[in-house]
Amino acid sequence: MATTPDAVLEPAGAPPVPDARSVTDARIFVASQWQLMWWRFRRHKVAVASAVVVLGFYLVVVGADFLAYADPDASEAQRSLMPPQRVYLLDGWRFAPYVHGVKGVRDPNTFKRVYRPDPSQKVPLRFFAQGFEYRFLGLIPATRHLIGVDGGDAEKRIFLLGTDVQGRDLWSRLMYGTRISLTIGLIGVSLSLVLGVVLGGLSGFYGGVIDTLIQRTIEILRSIPTIPLWMGLAAAMPRDWTILQVYFAITLIISLLGWTDLARVVRGRFLAMREEDFVVSARLVGCTRTRTIFVHMVPSFMSHIIAATTLALPAMIISETALSFLGLGLRPPAISWGVLLQQAQNVQTVAISPWLMLPAVPVIVAVMAFNFLGDGLRDAADPYGR
Amino acid sequence: MLAYIGRRALLALFTVWAISVLSFAIIQLPPGDYVTSYIAQMASSGSVVTEEEAQNLRIQYGLGQPIYVQYLKWMNLIVRGNFGMSMEWRRPVAEVIGERLWLTVVVSVAALILTWVLALPIGIYSAVRQYSPGDYAATFVGFIGLAVPNFLLALVLLYLGFVLFNAHIGGLFSPELQDAPWSTARVVDLLKHLPVPALILGLAGTAQQVRIMRANLLDELRKPYVVTARSKGLSELRVLLKYPVRLALNPFASTIGYTLPYIVSGSIIVSLVLGLPTVGPLLLKALIAQDMFLAGTIVLLLGLMTVIGTLISDIVLVWIDPRIRLEET
């Protein structure tokens with residue numbers, strides 16, 4: 001594609017270039033393919049906003065321990081099912097965020113534990129406060145967290161999003177859950193990508209029997225209800241596997257689901273490109289097949305692959321969440337969005353503690369952001385078209 | 001047309017074969033064979049399986065023989081309608097699944113029909129009144145439908161129903177008709193409960209189909225033949241329905257085949273959240289208890305059902321739209 005600039009020089013039916021615009025047009029003529037794509041992508045406002053959101057999610061992945069303020073596994077029966085706390089930003093006129101202390105009491109009628117904010121007690125929030133120990137990026141030992149409270153006295157704690165049944169802080173767990181859910185999606189999609197590019201490439205480059213075989217396989221895979229199948233595979237995992245083993249097994253299972261669409265995209269590009277001049281000339285000057293494919297063809301449709309990969313991510317995230325939600329995917333003590341949502345399975349529980357449904361919010365936001373971003377990238381992927 | 005249907009049927013046959021292999025793999029995956037777990041199960045409940053009985057079971061299922069012989073024996077039993085024993089329920093698998101399979105079919109078909117019934121008019125409206133508030137509303141709901149996994153949607157609706165109306169919107173039957181024999185009252189009750197699960201299951205598919213229909217129809221509406229039809233004095237509705245809608249239906253129809261597997265998949269998880277008496281909860285229980293004959297059979301039957309459903313919808317669509325015939329054969 002990069003070698004056929006005619007499409008830019010003579011846009012079909014374009015009016016004669018007015019003088020004022022000739023400067024920008026000159027810029028377009030000499031711009032590289034990636035530059036053109038970036039300009040086109042920038043025009044898609046929703047996609048740009050989604051890119052920021054996605055970036056934010058991955059910052060959480062990197063800095064989960066810094067953003068969490070409580071040990072995600074520290075449970076405390078005294079703080080079971082606390083509702084989210086209100087944060088007061090201003091103390092008088094000064095910006096000094098604080099929360100009220102909380103007192104747990106038994107309701108004399110129902111014997112249920114209820115929590116009342118205690119307005120007489122102000123618990124100031126500190127930025128870059130000391131907290132539990134962790135290793136930043138898995139390497140550097142650190143104890144600082146974005147927010148926290150002094151001392152960490154039992155009565156003076158923060159629970160921004162409340163706690164779960166075992167009294168673990170939901171905000172901190174959500175941070176760690178984001179790390180696992182999003183990396184599983186990313187690793188899963190990379191595996192899918194390898195499968196999709198190899199099989200789609202074989203299919204599109206060789207054609208004939210191989211093509212028919214792979215295309216039929218894709219059609220068969222797409223006409224099978226996948227969830228029961230993945231449930232079966234996931235349930236067959238030995239119970240005594242470690243978290244890490246389960247993590248990779250689940251990744252493998254969900255990546256077997258996502259490759260078909262990627263393979264279709266790659267095959268389509270190969271078919272469209274097989275007869276292009278630059279591919280033919282590469283063959284004629286004596287490039288080997290591998291070199292033709294990886295040096296000349298793959299770079300020119302890299303952008304399409306990136307777009308298709310982004311669009312495949314939401315399905316991965318949803319699959320992991322669904323499997324873990326059912327108790328067949330990741331199991332506690334691992335933390336993922338699906339594991340967190342497991343606590344919201346029961347309507348009675350949710351009706352009393354609706355904040356347990358909060359982990360659904362990042363799932364939905366992430367899925368939407370990846371979808372919009374993928375749409376924008378797909379439109380930008382072919383800057384010479386339309 | 002026959003050649004096309006023949007090819008679809010052949011592919012369906014292959015799909016069924018692939019599903020049977022995968023279901024068999026699911027049965028085989030856990031460690032230990034069927035008979036050892038059967039004996040252990042029996043022993044835990046106090047009854048003893050004699051050596052002779054165990055030997056007979058081993059011969060019946062061909063355990064100890066090469067894996068493909070075991071597969072063929074299993075297929076042979078299945079074709080004769082013998083799905084093996086469910087260990088957890090200690091009853092034949094066919095009996096345990098029973099009515100639940102049909103209710104799964106009912107829920108899935110309801111969702112599929114709802115998808116078509118909703119997507120067609122909304123898609124047409126969105127295209128004809130492009131950028132109208134209605135179009136924006138449809139697009140917005142569509143994005144929500146695509147982004148919210150259906151089991152979360154079920155959860156949220158269940159919660160809202162509980163909090164706002166103090167009503168339980170789950171289930172397929174009222175409590176008093178739960179285990180009653182089939183009667184008119186029970187069918188009416190089922191129909192009353194059906195819309196909520198059908199809507200939850202069908203929403204994502206509907207959203208996708210609306211987008212496809214809208215895009216196709218927008219392409220068609222810009223073509224000169226529409227102007228021609230209008231200038232000949234046809235009424236606006238007739239212009240629309242007679243030509244562009246029919247043409248836009250073609251790519252719309254060819255993607256419908258993928259909707260059914262998606263709905264069936266979703267029905268498993270949604271059934272769990274909403275407490276529907278379909279095979280979904282049964283499958284999960286069977287998988288957790290490692291009741292593999294039951295689990296494998298459910299996966300096989302769900303697959304079979306989906307393939308048959310897709311084949312039927314393929315044939316119906318070919319019959320409705322002659323353009324598919326010309327294109328694909």
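This is a short tour of a predicted two-chain model, stop by stop.

Before you click, note that residues are numbered from 1 along each chain as its sequence is written, with chains lettered from A and ligands numbered from 1 in the order in which they are written. As the model is predicted, local features need pLDDT of at least 70 and side-chain atom pairs count only at pLDDT 80 or more, while totals for chains, interfaces and linings use all residues.

**Stop 1**

Select residues 88-91 and 94-106 of chain A, which are strand 1 and strand 2. Strands here are DSSP runs (E, at least two residues), as helices are (H or I, at least four), numbered from the N terminus. Two strands pair if DSSP finds at least two bridges between them; these two run antiparallel and are joined by three. Zoom in on the partners: Asp91(A) bridges to Arg94(A), and Leu90(A) to Phe95(A). The hairpin has two residues between its strands, and Gly92(A) in the turn has a positive phi of about 70°.

Look for Lys103(A) standing opposite Arg116(A) of strand 3. This second hairpin has six residues between its strands, with Phe111(A) in the turn at a positive phi of about 60°.

Show the three strands together, and you have an open antiparallel sheet in the order 1-2-3. Strands 1 and 3 of chain A stand at the edges with a single partner strand each, so one side of each is left without a neighbour in the sheet. From one strand to the next the twist averages 45°, taken between N-to-C directions of lines fitted to C-alpha atoms, on a scale from 0 to 180 degrees.

**Stop 2: where the chains meet**

Colour by chain and find the 34 residues of chain A that are in contact with 40 residues of chain B. Contact means that C-beta atoms, placed from the backbone, lie within 7 Å. On chain A, helices giving at least two residues each to this side include helix 6 (208-222), helix 11 (302-326) and helix 14 (360-381). Which helix of chain A gives the most? Select helix 7, with eight residues. The residues on this side of chain A divide into 26 nonpolar, five polar and three charged. (Ala, Val, Leu, Ile, Met, Phe, Trp, Tyr, Cys and Pro count as nonpolar, Asp, Glu, Lys and Arg as charged, and the others, Gly among them, as polar.)

Next, pick Leu283(B). Beyond its neighbours within four places in sequence, Leu283(B) is in contact with Pro228(A), Met231(A), Ile268(B), Ala295(B) and Ile298(B).

**Stop 3: chain B on its own**

Chain B has 16 helices and two strands, and its C-alpha trace spans about 85 × 55 × 35 Å along its principal axes. Of its 329 residues, 35% count as buried, meaning that 20 or more other C-beta atoms lie within 10 Å of the residue's own.

Finish at helix 10, residues 224-231 of chain B: of its eight residues the number buried is zero, so this helix lies largely in the open.

Note on methods: Contact = placed C-beta atoms within 7 Å. Buried ≥ 20, exposed ≤ 12 C-beta atoms within 10 Å, placed from the backbone.
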